[in-house]
Amino acid sequence: MSNSSEDLSIIDRFKNSDEAVFEKLILKYQDRIYNLCRHMLGNAHDAEDAAQDTFVKAYRNLTKFKPESSLYTWLYRIAVNTCLDYKKRPLFASLFRKSDEGDELIREHSSSWPSPERLYESKQIGLALHGGIRKLSPKLRTVIILKEIEGLSYEGIADILEVSIGTVKSRIARARDDLKVLLKDFTEQK
Amino acid sequence: MNCSKTHKLISAYIDGELKAINIKAFESHIKSCRACSIAVEEVRNQHNFFALAEEFKAPYGFSTRVMANIASKKAKGFSWTPLFTRFAEVIVMLVMIFTGIISGSFLSDRLANEKKALIMSSFYLDIFDPTPPDSLGGVYLAMAEVKNEK
């Protein structure tokens with residue numbers, strides 16, 4: 001995946017000490033990075049923290065970024081690693097967090113409101129999927145989110161995770177097998 | 001293509017990642033094999049579930065908060081807080097173990113000097129009063145004694 005001219009311009013200006021241009025990069029990628037973190041971590045607080053950390057890390061390292069690499073892949077790699085670190089966070093850090101499953105459902109849809117039925121169905125599916133995804137191992141959880149939620153190709157996922165396409169293929173197949181068992185009750189109700 | 005190979009290729013088929021040379025053989029097999037055809041449908045249904053899943057957008061003011069976060073981190077420089085948070089559990093555990101060792105050693109020294117005799121005396125049974133012969137305990141002991149003599 002190559003960088004767009006807009007990305008290249010942002011990187012170039014940033015490297016020439018125009019640090020304020022970084023906000024453009026955030027605005028361009030914030031939804032995708034936040035969505036990834038939200039699905040990886042399962043709650044809004046951690047997702048926002050992880051997404052913020054992703055951009056802070058990107059800010060610190062953007063001067064070292066090689067324009068021939070894909071900015072999108074690079075950001076995703078930082079986000080995935082940040083989320084995996086969040087999962088390993090010590091108990092101490094999570095003691096002061098409260099669970100808020102889905103509390104931002106309403107405020108995140110400021111435009112193009114779906115119908116109540118569609119919203120309810122989407123919510124139910126989202127909860128069931130989150131429940132299933134959360135029980136997967138971190139490796140399987142990561143590949144299935146990158147494939148099914150982010151819609152990335154096997155090659156793109158392999159680049160982000162720095163593994164072979166064969167590994168991606170087998171992890172996705174295993175994740176689906178595990179999810180089939182985990183979502184059995186929900187799919188039978190449908 | 002057999003069922004085992006077909007099963008391994010289902011995910012790649014659903015994701016459109018199956019190589020052209022395998023597609024024909026794969027499709028031909030699932031047409032003739034009901035079990036594999038059902039397995040393909042299950043993966044397809046799961047894939048469709050994900051398509052219905054909610055897409056989250058970054059909360060309002062996210063970019064502003066990130067920029068403020070960056071500015072505050074730049075102003076503060078390196079902070080020990082994240083490091084402390086990461087290792088807090090280990091630090092607390094070490095402090096507790098160290099406190100336990102110190103207080104244990106302090107108490108055992110004092111006990112050795114002042115209360116050792118008291119503790120040792122508590123192990124002897126003669127601190128108890130003799131059981132009155134008419135009590136239930138006394139009767140039981142008498143019966144046990146008779147049994148032992150036999």
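User: Which residues in helix 9 of chain A does helix 7 of chain A meet?
Analyst: This is a predicted model. On the helix 7 side, the residues are Lys139(A), Leu140(A), Val143(A), Ile144(A), Lys147(A) and Glu148(A). By class, this contact has six nonpolar, no polar and seven charged residues. The helix 9 partners are Arg171(A), Ile172(A), Arg174(A), Ala175(A), Arg176(A), Asp178(A) and Leu179(A).

User: How are helix 7 and helix 9 of chain A oriented to each other?
Analyst: Helix 7 spans residues 138-149 and helix 9 spans residues 165-182 of chain A. Their axes come within 9 Å and cross at roughly 100°. Angles of 65 to 115 degrees count as roughly perpendicular. The two helices of chain A are therefore roughly perpendicular.

User: Which residues touch the most other members of the largest nonpolar core?
Analyst: That core has 78 residues. Two of them touch the most other members: Phe22(A) and Phe55(A).

User: Which residues of chain B does Phe22(A) contact?
Analyst: Set aside neighbours within four places in sequence. In chain A, Phe22(A) then contacts Phe14(A), Phe55(A), Ala58(A), Tyr59(A) and Leu62(A). From chain B come Met67(B) and Ile70(B).

User: What share of the residues of chain B is buried?
Analyst: Buried means under 20% relative accessible area. Chain B has 150 residues. The buried share is 23%.

User: What part of the accessible surface of chain B belongs to carbon and sulfur atoms?
Analyst: The accessible surface of chain B is about 11,500 Å². The carbon and sulfur part is 65%.

Technical notes:
Residues are numbered from 1 along each chain as its sequence is written. Chains are lettered from A and ligands numbered from 1 in the order in which they are written. This is a predicted model: local features need pLDDT of at least 70, side-chain atom pairs count only at pLDDT 80 or more; totals for chains, interfaces and linings use all residues. Side-chain values use heavy atoms; hydrogens and water are left out. Axes are lines fitted to C-alpha atoms, for helices over the stretch in contact, and angles run from 0 to 180 degrees between N-to-C directions. Helices (H or I, at least four residues) and strands (E, at least two) are DSSP runs, numbered from the N terminus. Angles under 35 degrees count as roughly parallel, over 145 as roughly antiparallel, 65 to 115 as roughly perpendicular and the rest as oblique. Contact means heavy atoms within 4.5 Å. Ala, Val, Leu, Ile, Met, Phe, Trp, Tyr, Cys and Pro count as nonpolar, Asp, Glu, Lys and Arg as charged, and the others, Gly among them, as polar. A nonpolar core is a set of buried Ala, Val, Leu, Ile, Met, Phe, Trp, Tyr and Cys residues joined through side-chain atoms within 4.5 Å. Buried means under 20% relative accessible area, exposed over 50%, partly exposed in between (1.4 Å probe, protein chains only). Accessible areas come from the Shrake-Rupley method with a 1.4 Å probe; for residues, only the protein chains shown count as cover.
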